[in-house]
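Work through these exercises with the structure open beside you. Try each task before you read its solution.

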Amino acid sequence: MEERYREILSGKSVLITGGLGFIGSNLARRLVDLGADVLLVDSLIPGYGGNLYNVKGLEPKLRINIADVRDVNGMQYLLQHQDFLFNLAGQVSHIDSMQDPETDLEINCRSQLSILEACRKGNDTVRILYASTRQIYGRPVRLPADESHPVQPTDVNGVNKASAEMYHRLYHQVYGLRTTSLRLTNTYGPRQLVKHNRQGFASWFIRQAVRGEQIQLFGDGTQKRDFNYVDDVVDAFLRVAISDKAVGEVYNLGASPPVTLLEFIETLLDVAGGGGGFRKVPFPEDRKRIDIGDFYNDYGKIHKEFGWEPQVSLREGLSRTVEYYRRNIDHYLD
């Protein structure tokens, strides 16, 4: 695939919203290696994950624009003449979405509509890749969940992400925009936000293990999840980006077999050398209300059509991630 990626992406203009964040910065590094002309757009809102250190060493090889995707005029200007748009900007905290639903609506829904309008009016040939989420499924009615699973979110974040995904599909169907959505599951790896625990448990557990702190596990730890290392997620985005077959489609990512949260913690502590251990604690009420229990995706569609499947095992991915934060943790704390 490397030669194919380079053949199609080398010299192309690529814009990544949320480009200084976790997935965006890892994607940027890959695209720069492939010879793309990369522009990163990020608001650097405190607490959202954008971090200039994520692209340290790449500064001469890409461009950075500190801008907010809610700025309609600014996005219309930046989207001109782009060949690819990796639309990754978003507010990803489920807890924050319940405490501040208006901001979540602005970033995860209304701004997405503005971006699509900017593309429709000023660059209707751009290839658009949208980062959706398995959170739109809510509590599962069957497992593993494939793309036909009912969309029934349990929080504001899920509702707004589902709406944004539907806008992307609608603008393909009505206006012919070349959109594709990936429904991501629990992505982890280097350059993820670890300042606080509001953006998922995986990065917070990794921070605690690296710092030798005791991990608090909500509930009994038997909930099952699937995890994707960030390099595998980047590869999925590239596979669908270069294919016309993926236009207008939605794909799950995932991993098989799923693991329990207890197994995740045990593997993490093993590769981290024990850390501070862990203890089980009762679920906080605000988190219990939106917890979905067991959840893992069926990624058979993207595997069948593009041959994608996770290449990095959980143990290997956690080993790489722990090693990264041991070297760089000071750049990810307040």
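Two residues are in contact when heavy atoms of theirs lie within 4.5 Å. Keep in mind that the model is predicted.

**Exercise 1. Find where valine 312 lies, decide whether it is buried or exposed, and list what it touches.**

Step 1. Locate the residue. Valine 312 sits in the loop between α11 (300-306) and α12.

Step 2. Check its accessibility. Buried means under 20% relative accessible area. Valine 312 has 15% relative accessibility, so it counts as buried.

Step 3. Look for its contacts. Leave out residues up to four places away in sequence; valine 312 then touches Tyr229, Asp232, Gly317 and Arg320.

Step 4. Compare a second position. Alanine 209 is 103 residues from valine 312 along the chain, and their C-alpha atoms are separated by 20 Å.

**Exercise 2. Describe the span and the burial of helix α8.**

Step 1. Count and span. Helix α8 covers residues 230-241, which is twelve residues. From first C-alpha to last, α8 reaches 17 Å. At 1.5 Å a residue, 16 Å is expected, and the value for α8 is close to that.

Step 2. Judge the burial. Eleven of the twelve residues of α8 are buried, so the helix is largely enclosed by the rest of the structure.

Step 3. Name some of them. The buried residues of α8 include Val230, Asp232, Phe237, Leu238 and Arg239.

**Exercise 3. Work out how α9 packs against α12.**

Step 1. Take the geometry. The axes of α9 (residues 261-271) and α12 (residues 314-328) come within 9 Å and cross at roughly 50°.

Step 2. Classify the angle. The crossing is right-handed.

Step 3. List the contact. Helix α9 supplies Phe264, Thr267, Leu268, Asp270 and Val271. Helix α12 supplies Leu314, Arg315, Leu318, Ser319, Val322 and Arg326.

Step 4. Sort by class. The contact of α9 with α12 has six nonpolar, two polar and three charged residues.

How values were computed:
Residues are numbered from 1 along each chain as its sequence is written. This is a predicted model: local features need pLDDT of at least 70, side-chain atom pairs count only at pLDDT 80 or more; totals for chains, interfaces and linings use all residues. Side-chain values use heavy atoms; hydrogens and water are left out. Axes are lines fitted to C-alpha atoms, for helices over the stretch in contact, and angles run from 0 to 180 degrees between N-to-C directions. Helices (H or I, at least four residues) and strands (E, at least two) are DSSP runs, numbered from the N terminus. A crossing is left-handed if the near helix is turned anticlockwise from the far one by less than a right angle, and right-handed if clockwise. Ala, Val, Leu, Ile, Met, Phe, Trp, Tyr, Cys and Pro count as nonpolar, Asp, Glu, Lys and Arg as charged, and the others, Gly among them, as polar. The expected span of a helix is 1.5 Å times one less than its number of residues. Buried means under 20% relative accessible area, exposed over 50%, partly exposed in between (1.4 Å probe, protein chains only).
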